[in-house]
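Reader: Hi! I'm new to reading structures. Could you walk me through this one?
Author: Happy to, let's have a look together.

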Amino acid sequence: MRTDTPQPIRLADYRPFPFAIETTRLEFDLHPSATRVRAELAVRRTGAGGEPLVLNGERLKLLSVAIDGQPLSANQYLADAEHLTIPETPDQFVLTTEVEIDPQANKALTGLYMSGGRFCTQCEAEGFRTITYFPDRPDVLSRFSVRIEADGHLPHLLSNGNPVAQGSLEGARHFAEWVDPFPKPSYLFALVAGDLDVVSDHFVTMSGRQVTLKIFVDPGQAARAAYALDSLKRAMTWDEEAFGREYDLDLFMIVAVRDFNFGAMENKGLNIFNSSLLLADAKTATDADFERIEAVVAHEYFHNWTGNRITCRDWFQLCLKEGFTVFRDQSFSADMRGAAVQRIKDVRALRARQFAEDAGPLAHPVRPSSYLKIDNFYTATIYEKGSEIIRMLKTILGAKAFRQGCDLYFSRHDGEATTVEAFIACFAEASARDLSQFFAWYEQAGTPSVTIASDYDAEAKALTLTLRQSTAPTPGQPSKRPLPIPVAIGLLSHEGQSLRDTEVVLLDREEMTVRWEGVAETPVLSALRGFSAPVNLTTDARPSDRYVLFGADPDLFNRWEAGQTLARDLILARAGGSPDEVGEERYAQALGQALVDDAAEPAFKALLLSLPSEPDLTLMAEPADPLALHAARDALRLRIAVHLGDLLRRLHGEMQSGEAFSADAEAAGRRALRNACADTLAADPHDENLSRLEGHYKASRNMTDMIGGLYPLVCVGGEARERALSSFYTAWATEPLVLDKWFSIQARDPNPDVLDRVIALTAHPAFEPTNPNRLRALVSTLANFNPARFHDPSGAGYRFLADQILAVDRFNPMTAARLVEPLGAWRRFKPELGALMRQELERIAAHPDLSKNVLELVTKSLT
Ligand code: TRP
Ligand code: ZN
């Protein structure tokens, strides 16, 4: 066990930095194993006199330090493992430091590192301190200028802002200089140096300024940047129209890199992307990839206002930029692809990731009050629940007042590092409402439960609704306050006619009643339409009510939700040993009707046909028995495949397109429905279905269809699986992004031998644990998306994951820590399983030199 207990950082301890860094001049002399960084900071004291200057700095070899050109002697400063401290300084001075770093040895992928022979950076949240000494905190904004020198075989030398000079140097070296006119915190600094292909375009902003757009990719990959470039232009237009936000520099650049811990990063004027979220063409990317690329390109671009122009005072305010920016990208996607389908997908992701987090040992408020490693707080709660909060704010205030609040925020806080309080104050002011109770959404962890009981008085033609809320305790928060919860409710007749349009009821107490007059007949309640709040809803609806909603709710979210709830209850009943065969037949029949509804889009039908996922089901059954849930889900899928066989085969044929590939939402929806049919038919692999699936796979001309054929064949197992996997590998061995899919499909294989196969795959020459995409494709996919096999009763799945965490923690703590969560869920599983999971957490905790990242999550998971 380790002896030094790391100290948490607390929101309550926030103090402004006592100096301003007016300008920052950085000079990089790039060499793979010995890069020199010279930093010149123009410093001015802003706090009380006498305070020492304390800069962050880690893993730096200090070569020299000088004030106003005078080298400091050893007794004038102190450099320890984390700081450079200068006890006495003038009130205004220039500090010059020179350090040496080793980018090639940096496998943590934060700070300056190398990916595929090129230099790149990732500074958020605290990576800049591994590049040079600096106050590495978001509230210190400085004007940066950068000079980069490198070998000629790295032709592109990029940094933030505008290029101001470039030229050649002795010894086949060259240089470039960049100036960023906008003051920014260090986490937005970026540098890239390498051999890259460029795709260029331009965009004319709403005030008529011309902006050059450039996307840099691996040589030979330029054609695969077209979709990202198109997404970028659409996002720029959308932000002008929806939020009045215009781009501010003359140049906007994106670079794709293969080794990246996260999805992408919003560095000012120089976004850096995981190549999996940038490169796409029909042959190698699925529709889901196109969809994510569109969303993430928009997300990072939107950060230019929500994150960069207005940034966070401290990392406790992370949701200020992330929650708001996710809300903005979800709104963009809804406009690009259709609001209902987008909302269903967003809610599915919210429940799978955020509700799971909120129900476990890592539950935390959207604005936490302490942390050990901020890297661990880039969570579904900060991002997704953070976005839901903004969405509720818009629902409660109305679109107009919401937009006025946004406008006020942008004008009042431009150029600042600010807080969630200041943000909410803008909406309170613009709408003239008291939002103090609303603020509790930021401070209280846990998913609220809402129940609605309805009582219809036939004589008075009046409906009385009783709404109640409660939130279960979460770590550190034993008792909870009531929250203001917007509940959108409409009424239907039993024939499926609308009886009353949607009304938003604001449930802001533990309990309240609403009485609606003039309700002509016993209604069917359609509550929480559009998922108007991130809560778990329970009503007194009977299955027959749900069939009314499933067949006819004009709110498509609730139509889908009704089907999912019916399916869930059938699966849980069967997993619990009491299958409802009549109910299953009825469900299959109603599903069949929904699938022939000409008014519904294929994309929506594909969602109707997808049963609740196994990870979602493990969240709904306590304690969860993943194998039983898997078997019960398969049984329902088989019943649907048998009952609707003819219809599914017909739709599978009809949805096939002879036309050239289009990535648009309409064409993607048809492919999604066709693949959902294939997935269901795989549950009933008789000869006719099997040859249909093999035909699907063999005839596929794009990656969506190919994966849509491959996965069912893998599920079928036997020879069909081996043939398909080996032909796929042969076809794609040289395409890293496609090979990631080959690994992840095998990790999702439901067959009983999958654990041995996954363990064997870690010895495959193409398995590279230093590449986060490859690592996650295999390890994280098994642990998160294949519960039936990960939770093997022997505990071998847990042991495998713990071994991987320990191995990866030695070089990439941030990525290792993100593998801990599946084990942290041990309380939710059958006691035999939970004990084995706990045992592996304890084994990790006992390891002598764990990173702070893994230590924090493992410790929290155990207590
Ligand atoms: N700010 C990034 C985003 O848009 C998140 C991010 C990218 C990040 N890389 C990171 C966070 C590395 C922490 C560490 O969501
Ligand atoms: Zn973000």
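Author: A term to begin with: two strands pair if DSSP finds at least two bridges between them. Helices (H or I, at least four residues) and strands (E, at least two) are DSSP runs, numbered from the N terminus. This is a predicted model, where local features need pLDDT of at least 70, side-chain atom pairs count only at pLDDT 80 or more, and totals for chains, interfaces and linings use all residues. Residues are numbered from 1 along each chain as its sequence is written, chains are lettered from A and ligands numbered from 1 in the order in which they are written, and side-chain values use heavy atoms, with hydrogens and water left out.

Reader: Okay! How many bridges join β7 to β8?
Author: Two bridges join them, and the strands run antiparallel. Across from A79 you find L84 in β8.

Reader: What's the strand order in that sheet?
Author: It is an open sheet of three strands, β4-β8-β7, with antiparallel pairing. Since β4 (53-56) and β7 (78-79) each have a single partner strand, they are at the edges, so one side of each has no neighbour in the sheet.

Reader: Now helix α17. Which of its residues are buried?
Author: N689, L693, E694, H696 and Y697 are buried in α17. Buried means under 20% relative accessible area, exposed over 50%, partly exposed in between (1.4 Å probe, protein chains only). Down the axis of α17, the buried residues fall within an arc of 155°, so they line one face of the helix. That arc is taken from the directions from the helix axis to the C-beta atoms.

Reader: What's on the face turned away from the buried side?
Author: That face of α17 carries the exposed residues D687 and K698.

Reader: And what covers the buried residues?
Author: Among the elements covering the buried residues of α17 are α15 (645-654), α16 (665-681), α18 (703-716) and α19 (718-732). Contact here means heavy atoms within 4.5 Å.
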